[in-house]
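Hello,

Here is the structure I promised to pass on. Please have a look, then read my notes below.

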Amino acid sequence: MNAILVDIYSTVVPSAPYIIAAYALLLVTLFVYAFMIMRGTKKAEAQIAVLEEALAEKNAEH
């Protein structure tokens, strides 16, 4: 086998679990971030609904 390929394989193959772990950590971080955004959006929609109800009640009084 080519000496350059031996050097490449000897450095890449042992570090493969670390590379996979880094990508897994990145994916988990992205999923958590997306979940936080969706949760924040739902909270904001709930607050807007409460404000709309209060505004409707206030306008009904007048």
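Ile 4 sits in helix H1. This is a predicted model, so please read every value here as computed from it. Is Ile 4 buried or exposed? The residue has a relative accessibility of 56%. The cut-off for exposed is over 50%, so Ile 4 counts as exposed.

Ile 4 also takes part in the helix cap. Asn 2 caps the N-terminal end of H1. A side-chain oxygen of Asn 2 lies 3.2 Å from the backbone nitrogen of Ile 4.

How far is Ile 4 from Gln 47 in space? The C-alpha atoms of the two are 62 Å apart. In sequence, 43 residues separate them.

Now the helix itself. H1 covers residues 3-61, which is 59 residues. From its first C-alpha to its last, H1 reaches 86 Å. That is close to the 87 Å expected at 1.5 Å a residue. There is a kink in H1, though. It lies at Ala 16 and amounts to about 50°.

Next, the overall fold. The protein has 1 helix and 0 strands. Along the principal axes, the C-alpha atoms fill a box of roughly 85 × 15 × 10 Å.

Last, the surface. Buried residues make up 0% of the 62 residues. The protein exposes about 5800 Å². Carbon and sulfur atoms supply 72% of that area.

Best wishes

Technical notes. Residues are numbered from 1 along each chain as its sequence is written. This is a predicted model: local features need pLDDT of at least 70, side-chain atom pairs count only at pLDDT 80 or more; totals for chains, interfaces and linings use all residues. Side-chain values use heavy atoms; hydrogens and water are left out. Helices (H or I, at least four residues) and strands (E, at least two) are DSSP runs, numbered from the N terminus. The expected span of a helix is 1.5 Å times one less than its number of residues. The bend at a residue is the angle between axes fitted to the seven residues ending there and the seven starting there. A polar contact is a pair of N or O atoms within 3.5 Å; within protein, one must be able to donate a hydrogen and the other to accept it, and residues adjacent in sequence count only if both atoms are side-chain atoms. Buried means under 20% relative accessible area, exposed over 50%, partly exposed in between (1.4 Å probe, protein chains only). Accessible areas come from the Shrake-Rupley method with a 1.4 Å probe; for residues, only the protein chains shown count as cover.
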